[in-house]
Amino acid sequence: MELKQYNMQFSLPPNLTDYQSLYTSFSWERERENLDGLLQGGVNIAYEAVERHAQSPLTDTVALRFISKDRTIKNITYGNLQKLTSRFANVLNTLNISKGEAVFTLAGRIPELYIVALGALKKVAVFCPLFSVFGPEPIFQRLSRGEAKVLVTTTSFFEKKVKLILDRLPSLKYVLLTDASQHINEQVLSLPRLMEPASEHFIIPDTNPEDPALLHFTSGTTGMPKGALHVHKAVLTHYVTGKYVLDFHFGDIFWCTADPGWVTGTSYGIIAPLVNGVTSIIDEEDFDAVRWYSILEDQKVNIWYTAPTAIRRLMRMDIYPMEKYNLEHLRVILSVGEPLHAEAVLWGEKMFGKPILDNWWQTETGGIMIANFPSMDVKPGSMGKPLPGVEAAIADVTDKDFRIIQEPGKQGNLVLKKGWPSMFRTYLHDEERYKKCFRGEWYITGDLAKKDSDGYFWFVGRADDIIKTSGHMVGPFEVESILMDHVSVAEAAVIGKPDPIIGELVKAFIVLKPGITSDENLQMDIIGFARKKLGPAVAPKELAFVNELPKTRSGKILRRLLKARELGLPEGDLSTLEQP
Ligand code: ATP
Ligand code: MG
């Protein structure tokens, strides 16, 4: 691939100016000194995110700015957030909820969700956010697997989705309704009524850095979602990545577009910006290109963290943002969740005057692990380099063997050396599966990648999605990237389809750009284009046009569903499937 490199221009010097020297000298212990810690020596996420700022000159700074559907703005300062979250922690006391018990939310991006999250962390309860779009069954599955003791939701969600599963959830003690003015019965209570008399003073109990804090269910891209458990110490990763990857400076306005139902919306939609003392924008609405551009302009957003699926949607529109909107404040644009094709990075450069910085992590890693840092040369299509404090490598992994691959450019499993603070501590009720993710000191991510001679990592695909065709191992990302280079193609996904002769044949599903009609000529043209670039062994042999690709709520293409449908097999868990 042709590599174009950039040097970014900055109005502000980035926090990380010399990657190599920070990587060499980095120490987690030293970074921990930038957190306050508790008097007794412990670490609590909510203390670092809220409490310490409320006792500092930041107290009147806006911590969270909510934009409602009708564009009404609601600001919560660090000082007010401290009081509100203390109240909720006291509500949990009143309800006799103990340390380590699980508090779930099922709500849109409303202020109560954020107050509950941080209040629960103060109380050292375990917080678990659910996507509000889940139907009753996925909600039941997660509440019961997570042994929820409290669920905070709205009256409407309660009526539509929770009421009918309540008697199957014997451990659920309370349902708190954010918008009910009266308690309904002994179990279903009004949150405002409980909050009103609660004291705004709460002393955070000593919190062991290893105390459980957050439960996140994975996206379910490759199968049944797994429950990854994280501890309070994770806040150190949130702090460090906020500082060096997102490049937070005091006074920054930050917008993470992810919903807290997905780990990005909690680690970076709640915790990291607060720990770093910046202002977060939270839009209660879903994606809308015009709305998004105007929020970037109106709110003078400096740092914008989004996902490839949204970027691809923006790429499909006929809008040149810099011509229509004043985006002079936008300093850093980042993307996570799926591979960001080189084409999207270059589009960002054309549209915003800066490349979009791709970074890689997983629910299991709790925070960003590999990134294109703002001061670094960007190689479009690459995930970048490991976070200082994180050792990443490519390994050959079989049932019996484990070998780190030293040669640059060789494909293998992406592995991380154990020990970063936000590493998950278990898969809920599946310790066996957790153990299988490790080989000695190394965590096996389940993703395949390559490392080039400059130390940049390149995503190849998920181990489960790899296609074995005529003796080749084909990563879907490579094929999809080429397909997306074709002028008519907006989105592409490829799968392996069993074939008696060549093992699997590569089949592509294509979404065309608006206004382009599919016909046999176009089909031949796209296959020909891919053959020329990829060679006949790797290029798709079959191609189908579709209106949309099936995706998870967090915007990931569900290749396993395309495959199941293609082969007429059971569709598996569809709880996270985005409904069009
Ligand atoms: P499940 O584990 O249930 O199948 P999931 O892996 O999609 O779901 P997440 O933890 O939300 O759940 O996603 C992490 C995965 O997303 C990574 O393992 C990787 O496959 C993909 N991913 C995230 N960021 C990137 C990126 N920048 N480039 C390529 N892939 C990425
Ligand atoms: Mg995964």
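Predicted model: local features only at pLDDT ≥ 70, side-chain atom pairs only at ≥ 80, totals over all residues.
Residues are numbered from 1 along each chain as its sequence is written, chains are lettered from A and ligands numbered from 1 in the order written, and side-chain values use heavy atoms, with hydrogens and water left out.

Let's start with the ligand. How many residues surround ligand 1? There are 23, and the closest are Thr218, Gly220, Thr221, Thr222 and Thr363; being near here means having a heavy atom within 4 Å. By class, that shell has seven nonpolar, nine polar and seven charged residues, with Gly counted as polar. Strands are DSSP runs of E with at least two residues, numbered from the N terminus. Strand S14 (357-360) supplies three shell residues, the largest share, and strand S23 (457-462) gives at least two.

Now for some polar contacts, meaning pairs of N or O atoms within 3.5 Å. Lysine 226 places a polar side-chain atom 2.9 Å from an oxygen atom of ligand 1. Tryptophan 262 has a polar side-chain atom 2.9 Å from a ligand 1 oxygen, and for glutamine 362 the distance is 2.9 Å. On its own, ligand 1 has 630 Å² of accessible area (Shrake-Rupley method, 1.4 Å probe), and the protein covers 97% of that.

Finally, the domains. An automatic or database assignment divides the chain into domain 1 (6-451) and domain 2 (466-567). Their C-alpha centres lie 32 Å apart. The contact (heavy atoms within 4.5 Å) takes 20 residues from domain 1 and 22 residues from domain 2.

Definitions and conventions: Polar contact = N/O pair within 3.5 Å; in protein donor to acceptor, adjacent residues only side chain to side chain. Helix = DSSP H or I, 4+ residues; strand = E, 2+ residues; numbered from the N terminus.
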